Amino acid sequence: MELAVPGRPDRQGSSVFLFKSFVRSLRQFLNETGLHGLKFVGDSNLSSWERSFFFGSFVTALIITVHLISNIYVKWNSTPVIIGISPQATSILKVPFPAITICNMNQVLRSRVANYREGSNESALLKFLCDSEGWQSQELDVEPSASNFARNDLKMSDFVLNHSQSCERMLLFCKFSAIQRNCSHLFQPILTDEGLCCVFNFQPLENLVKPYTNRRRNLTTEDGFESVKWDPEAGYPETLPHKFYPSTSSGTGISLGFTAVLDAEMNEYYCSSTNGPGFKVYFHNPVEVPMVKEAGLITAIGYETNYRIEMVRAEAVPAIRSISRDGRQCLFKNEKELIYYRIYTRLNCENECVAAYLYETCSCIPFEYPQIYSNATTCSMRDTICVRRAQRAENRPSWVKCRQQCLPSCFDLNYLASGFSFPLASNNFQLANALVEGINKSYLSENIAVINVYYRESVYHGNTKNAYVGLTEFLSNVGGVMGLFMGFSVISLAEIFYFLILKPLAELFVWKRSSDVDSENSLKHNAFGIDKPKTSDHQIVWHTRELYPKGVTLKATERVRKTRSSKIISNSLKH
């Protein structure tokens with residue numbers, strides 16, 4: 001049989017005490033808070049309609065405050081990033097001179113394909129290469145097994161490499177930073193969507209693509225220029241060799257830029273990628289694989305063309321890393337890893353998406369796209385119909401989902417070229433370039449093109465992505481609205497927490513602990529046979545903590561004790 005412990009509070013009594021303590025704390029909070037209007041709501045000296053007026057005013061101010069804060073949050077959430085002009089200028093000496101890809105629009109040399117007979121595999125490949133658009137309209141609806149390419153195993157990449165104009169034959173003269181250089185040391189051949197081209201100031205494949213990472217090839221050119229790693233986000237290494245590439249420019253103007261003399265070899269023209277002869281020139285950063293077919297600039301034969309370069313640099317502050325990718329609409333280089341390329345760019349990512357789609361559709365990858373899988377084969381002529389069908393406009397939405405994930409890089413470098421040209425000399429007089437002066441004027445006007453590439457200014461201001469409304473600005477805006485309409489501050493949160501939560505719970509804890517101590521004392525008295533005075537069942541016994549919530553201070557108790565002690569001492573002295 002359990003003995004009931006008198007004086008111990010039950011659960012219902014604790015709830016009642018907590019409620020009363022909360023009411024007392026609420027009244028004290030209303031009287032002492034700094035929030036506008038609430039002091040009058042808790043003032044018992046005011047009439048009920050006056051207190052109601054101030055309460056209504058407070059609720060109105062609260063509604064307006066919530067509405068304005070919601071507008072601030074929507075603005076913060078919907079427009080997290082703003083693009084502005086960078087306050088710091090970027091010198092052309094700290095970024096690479098643009099990589100220059102030059103392509104002769106002649107697809108193959110006439111002397112190398114003249115002996116192929118009609119009906120051969122080579123003849124079929126030439127027909128496709130030179131009349132791609134006309135061939136598409138006739139052959140795409142034919143079943144692959146019934147087409148002329150069903151048993152054609154020739155690969156477009158191998159054919160173009162063996163039958164197109166080489167860089168040594170196309171480039172007659174090269175000068176960079178006012179120094180004449182051997183063109184074969186500056187340029188390297190590269191296969192693009194335009195065919196076989198020549199590229200200058202481009203990163204070697206060992207620094208660009210993963211399958212070539214472990215190649216033990218000497219990357220230093222014959223004239224002593226060493227390869228260094230560069231990307232738009234990290235830039236150049238801190239320590240650089242005396243001669244390196246990708247190279248920077250030495251200054252502005254044509255004399256400190258890049259000059260090349262190009263030979264089209266019109267007698268070797270077999271078919272053009274456009275409606276006439278000439279060259280396509282494409283400017284890009286050294287880590288981006290060129291796609292010349294759609295974006296290349298036309299350079300006419302018989303003309304000298306000057307390309308004035310303006311640098312367009314994209315930057316981002318580290319603070320926007322905390323913003324979601326969809327919010328900032330850009331990616332840092334370590335946020336998305338590509339399959340084939342070592343460095344992320346939007347174009348590299350999109351090319352991988354197209355390559356993955358074509359491999360899934362045709363079980364091969366065309367030569368102009370990255371070989372993202374080690375076991376993937378390069379498409380041959382028998383795969384041409386499948387590839388062209390997959391590239392039709394109605395089938396392209398299949399890779400749109402992948403390409404939507406290819407956001408721009410937060411750090412990027414692009415080049416805008418403004419070109420203007422004038423005809424080369426047709427009469428015999430002294431020219432600035434001795435090589436051009438020595439060429440026959442008839443051959444000069446029919447085969448030769450000269451290009452000059454240079455910077456217009458020595459510094460450029462990039463475009464910087466920054467947080468439109470950062471956390472500090474957001475808190476400042478919210479705090480200003482709440483302070484204006486309600487007089488709210490951070491201390492107001494402390495007041496609410498103390499008076500409405502902490503204080504009632506603390507008083508409940510003290511009350512329960514005092515009740516437990518009284519219960520233990522009563523049990524000790526009963527153990528010595530001392531009976532506790534009986535009270536009626538309905539009589540309520542109030543605890544001193546309830547009668548005096550603030551308690552009795554220790555100083556007052558000590559003062560009483562000292563007064564009593566002094567009286568006792570004085571009485572004893574008298575006696």
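**Note on the predicted model: contacts, cores and a helix pair**

1. Take contacts in the chain between residues at least 6 apart in sequence: 75% join residues at least 24 apart. Contact means heavy atoms within 4.5 Å.

2. This is a predicted model, where local features need pLDDT of at least 70, side-chain atom pairs count only at pLDDT 80 or more, and totals for chains, interfaces and linings use all residues. Residues are numbered from 1 along each chain as its sequence is written, and side-chain values use heavy atoms, leaving out hydrogens and water.

3. The chain has 575 residues, and 41% count as buried. Buried means under 20% relative accessible area (1.4 Å probe, protein chains only).

4. The largest nonpolar core holds 71 residues. Such a core is a set of buried Ala, Val, Leu, Ile, Met, Phe, Trp, Tyr and Cys residues joined through side-chain atoms within 4.5 Å. Beyond its neighbours within four places in sequence, Phe 187 contacts residues including Ile 100, Leu 171 and Phe 258. A second, separate core has 16 residues, among them Leu 38 and Met 486.

5. How do helices H3 (residues 48–78) and H18 (residues 471–486) cross? Their axes, lines fitted to C-alpha atoms over the stretch in contact, come within 9 Å and cross at roughly 165 degrees. Therefore H3 is roughly antiparallel to H18 (angles over 145 degrees count as such). Helices here are DSSP runs (H or I, at least four residues), numbered from the N terminus.

6. Which residues meet there? Phe 58, Leu 62 and Trp 76 are among those from H3, and Phe 474, Val 481 and Met 486 among those from H18.

How values were computed:
Buried means under 20% relative accessible area, exposed over 50%, partly exposed in between (1.4 Å probe, protein chains only). Axes are lines fitted to C-alpha atoms, for helices over the stretch in contact, and angles run from 0 to 180 degrees between N-to-C directions. Helices (H or I, at least four residues) and strands (E, at least two) are DSSP runs, numbered from the N terminus. Angles under 35 degrees count as roughly parallel, over 145 as roughly antiparallel, 65 to 115 as roughly perpendicular and the rest as oblique.
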